[in-house]
Amino acid sequence: MENFDFIFRRTHSDYRKNRAVWEKSKAAYAGGSDYIRDALIRHVSEIDIEFAERLRRAYYFNYPRRIAQLITQYIFATEPQRINADALLLEDFSRTGARTGEVMRQFSTLLNIFGKAALLVEMPFFEGELDYERCRKERIRPFAKALSPLEAVDYAYGSDGKLDWLIVEEETLQKTNPFEPEYKIRRRKLFTRNEFMIFERNALNSPVKCVMHCKHALGAVPAVIAGDVDGAEINGGHYFEDIVRISDAILNNESEAQMNMIKQMFGLLVISDSFARCAQPTAVNENTESPQKFSHIIARSAAIWESPEEKGISRYISPGGADTKCIREENLALKRELFDLVGLAAQNENRLLQSADSKAWDHHHVGQFLAAKAELLEQCESSVWEIMRLYDPSLEKVHVAYNRDFSVTNLESSIRALLDLDKFSDSETYHTEVARTALFLLEKLKKIDHITKENILKELCGNSK
């Protein structure tokens with residue numbers, strides 16, 4: 001029993017070190033009013049009523065979510081090739097209706113947010129013999145799901161460099177009986193190279209129970225753990241933490257700019273000292289300790305009076321428009337830095353003034369960043385297909401190929417220039433080279449499989465002879 005309790009307490013060193021950052025990144029990605037309450041900073045001299053108003057008015061531009069999704073959208077703009085992949089698994093990779101591409105998109109986004117994620121492959125439990133009809137009817141086939149590092153809480157590698165064991169944490173809501181109240185169950189799954197165990201705890205201090213213990217013949221832990229390629233695996237922080245901090249700065253700056261505009265429209269009233277002294281206090285019950293109030297109502301719809309000597313003293317004061325403009329300019333600068341931070345360099349305000357060398361550097365920078373991400377995802381997905389073959393040897397070996405070409409160029413202008421170049425010469429060799437370039441641009445619009453591309457190139461070479 002003591003060992004079972006320890007299963008619920010143990011965590012990986014990376015988990016202990018980065019949990020607070022991961023929770024913050026997760027909340028920033030989710031956004032909403034809860035995150036605004038957590039991220040909006042109160043001034044030292046700000047009174048309760050002012051901060052409460054600013055909190056109610058605040059809004060959140062969810063740049064962390066946009067960046068995390070944008071990277072994934074770029075990579076999966078061209079669907080990866082999955083040669084020999086089982087049709088049923090392609091359509092239902094998670095056994096909950098999510099296709100292969102959808103699961104890998106989830107995995108990609110988790111990597112973008114946390115810098116680390118896992119892909120777990122499981123198999124439904126069954127007894128007795130299996131045949132094709134039973135597998136089809138009961139949907140007994142391997143399935144995969146993406147896990148954040150907050151779910152893959154602990155793991156270890158063996159001397160051969162492969163996973164030796166993995167602990168996955170889940171929290172489920174038990175509500176199978178409509179006549180009984182629902183309750184939460186904390187569950188930890190332990191995967192080793194030969195065994196699988198499930199531990200459950202119904203409440204925080206309830207005893208831990210081993211509800212399942214079985215052996216498998218995989219000879220491997222059915223999971224893939226990957227770290228982002230930006231340096232998070234060399235004991236450094238992940239770039240998404242910086243993205244969240246810059247996004248928080250934009251949130252707070254925008255809140256200040258908004259309140260400045262409100263104060264410009266509804267300025268602060270300044271009245272003379274003599275007017276305040278002449279105001280009569282209201283009658284107060286002797287048995288109460290209520291503070292006295294002026295009998296003269298000060299409001300935008302009520303007038304005040306002043307003597308000739310005090311003319312011009314009573315007035316409204318408000319921040320200048322320049323203050324708000326400076327804040328907005330600072331936010332634009334932060335936004336440019338935000339996208340440049342992850343390699344998605346924001347385009348210059350005037351592209352005509354950008355040098356050719358600068359454009360080429362931006363294109364190379366973004367392209368290499370995305371290509372490195374695509375290579376990591378391709379390796380992880382290939383490993384998942386191999387684990388599925390361990391569960392079901394009847395599956396064929398799947399060849400996975402992700403797009404690596406992310407040249408960020410102006411496709412429209414390139415095609416227009418290519419059409420003009422085609423009229424430059426009647427030489428067959430020249431036209432062949434133009435056609436090769438057109439084929440390169442065509443692949444940016446539609447992925448061409450390797451065989452079709454080879455046939456097109458053979459036809460081009462044949463026509464040039």
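Biologist: What makes Asp14 and Lys116 a salt bridge?

Modeller: The closest N and O atoms of Asp14 and Lys116 are 2.6 Å apart. A salt bridge needs a side-chain nitrogen of Lys or Arg within 4 Å of a carboxyl oxygen of Asp or Glu, so the label applies. This is a predicted model: local features need pLDDT of at least 70, side-chain atom pairs count only at pLDDT 80 or more, and totals for chains, interfaces and linings use all residues. Residues are numbered from 1 along each chain as its sequence is written, and side-chain values use heavy atoms, without hydrogens and water.

Biologist: Which parts of the chain does the pair link?

Modeller: Distant ones: Asp14 lies in helix α2 and Lys116 in strand β2 (residues 116-122), 102 residues apart. Helices (H or I, at least four residues) and strands (E, at least two) are DSSP runs, numbered from the N terminus.

Biologist: Why is Lys116 called buried?

Modeller: Its relative accessible area is 8%. Buried means under 20%, exposed over 50%, partly exposed in between (1.4 Å probe, protein chains only), so Lys116 is buried. Asp14, at 25%, counts as partly exposed.

Biologist: How do you know that Glu23 and Arg19 form a salt bridge?

Modeller: Their closest N and O atoms are 3.9 Å apart, so the pair meets the cut-off. Both residues lie in helix α2, 4 residues apart, about one turn of the helix. Glu23 is partly exposed at 34% relative accessibility, and Arg19 is partly exposed at 42%.

Biologist: What makes Lys215 exposed?

Modeller: Lys215 has a relative accessible area of 66%, so it passes the limit for exposed. Its side chain meets that of Glu195 in a salt bridge (3.1 Å, N to O). That pair also links distant parts of the chain: Lys215 is in strand β8 (residues 209-215) and Glu195 in strand β7 (residues 195-201), 20 residues apart.

Biologist: How many salt bridges does the structure hold?

Modeller: It holds 31. Glu122, Lys145, Glu170, Arg187, Lys189 and Glu200 are linked in a network of them.

Biologist: Why is α2 called oblique to α7?

Modeller: The axes of α2 (residues 13-30) and α7 (residues 100-114) come within 9 Å and cross at roughly 120°. Angles under 35 degrees count as roughly parallel, over 145 as roughly antiparallel, 65 to 115 as roughly perpendicular and the rest as oblique, so α2 is oblique to α7. Axes are lines fitted to C-alpha atoms, for helices over the stretch in contact, and angles run from 0 to 180 degrees between N-to-C directions.
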